[in-house]
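Please keep the sequence and the three-dimensional view at hand while reading.

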Amino acid sequence: MTIKIAHTEAEVRKCWYVISLLRPHLTEEVFVETVLQMFGEGYQLAYIEKDDEVVSAIGFRYLQMLYNGKQIYIDDLTTSDKVRGEGYGTALLDYVIDLAKANNYDCVTLDSGPTRHTAHRLYLNKGFHISSHHFVKKLS
């Protein structure tokens, strides 16, 4: 499995289908425009292709916070239903964990929807633990 990093609009657009499985509220155009803006904020988008189709993607960024130090925060991790269970998500998760270790970061963090039990199993098997509740107040 070769992990690639999206740098161009075309590469971001290639990731649309697999990201849309996780973020169905977005349109392709909003996704592409937003990711291109997020690149300027340090967001990175890594992906794996199989037969010239993106089958898994992970979006992440470097952060530093008082409560847990330097970290990589995973915004998005998704794999196509066609290849789920074949190790693509695990490979991308391991890639990010290895990046954090190589940069002497303190941790890797993420939020996950409460009903994403398969994803939770992966995270728990990789040594993540549930450390808090995430609260959101919508302003519009």
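How much space lies in the second largest pocket? The model examined here is a predicted one, and in it the second largest pocket holds about 410 Å³ of space. Its lining consists of 19 residues, and those nearest its centre are Thr79, Arg84, Thr118, Ala119 and Leu122. Two or more lining residues come from each of α2 (16–22), β4, α4 and α5. Of the elements, α5 gives the most to this lining, with five residues. By class, the lining of the second largest pocket comprises eight nonpolar, seven polar and four charged residues.

The volume of the largest pocket is about 980 Å³. A total of 31 residues line this pocket, and Leu110, Asp111, His129, Ile130 and Ser131 are those nearest its centre. The elements β3, β4, α4, β5 and α5 each supply two or more residues to the lining. Here β5 gives the most, with four residues. The lining of the largest pocket divides into 15 nonpolar, 12 polar and four charged residues.

In soluble globular proteins, nonpolar side chains tend to be buried together. In this model the largest nonpolar core has 21 residues, of which Ile58, Phe60 and Ile74 touch the most other members. Two or more residues of this core come from each of β2 (44–50), β3 (53–65), β4 (69–79), α4 (88–102), β5 (107–110) and α5 (117–125). The greatest share is that of α4, which gives seven residues to the core.

What surrounds isoleucine 74, once its neighbours within four places in sequence are left aside? Isoleucine 74 is in contact with Ile58, Gly59, Phe60, Leu93, Val96, Val108, Thr109, Leu110 and Asp111. A second, separate core has 15 residues, among them Trp16, Leu45, Val54 and Ala57.

One of the contacts of isoleucine 74 is Leu93, and leucine 93 belongs to helix α4. Is leucine 93 buried or exposed? Leucine 93 counts as buried because its relative accessible area is 0%, and buried means under 20%. When residues up to four places away in sequence are not counted, leucine 93 touches Ile58, Ile74, Leu77, Leu122, Tyr123, Lys126 and Phe128. Leucine 93 and threonine 118 are separated by 25 residues in sequence and by 14 Å in space, C-alpha to C-alpha.

A further residue, valine 18, is placed in helix α2. Valine 18 is also buried, with a relative accessible area of 0%. Apart from neighbours within four places in sequence, valine 18 is in contact with Val54, Val55, Ser56, Ala57, Thr78, Thr79 and Ser80. From valine 18 to tyrosine 47 there are 29 residues in sequence and 9.6 Å in space, C-alpha to C-alpha.

Finally, the chain may be set beside its database record. An unreviewed UniProt entry carries the annotation "domain: N-acetyltransferase" for residues 1–140. In the model, this span is 35% helix and 27% strand, and the C-alpha atoms at its ends lie 41 Å apart.

Notes:
Residues numbered from 1 in each chain as written. Predicted model: local features only at pLDDT ≥ 70, side-chain atom pairs only at ≥ 80, totals over all residues. Heavy atoms only, no water. UniProt positions renumbered as here; feature names shortened; annotations may be inferred. Core = buried A, V, L, I, M, F, W, Y, C linked by side-chain atoms within 4.5 Å. Buried < 20%, exposed > 50% of the residue type's maximum accessible area, 1.4 Å probe, protein only. Contact = heavy atoms within 4.5 Å. 1 Å grid on protein atoms, 1.4 Å probe; cavity = no way out; pocket = protein on both sides within 12 Å on 5 of 7 lines; lining within 4 Å. Points joined across faces, edges and corners; volume = space filled by probe spheres on them. Nonpolar A, V, L, I, M, F, W, Y, C, P; charged D, E, K, R; others polar.
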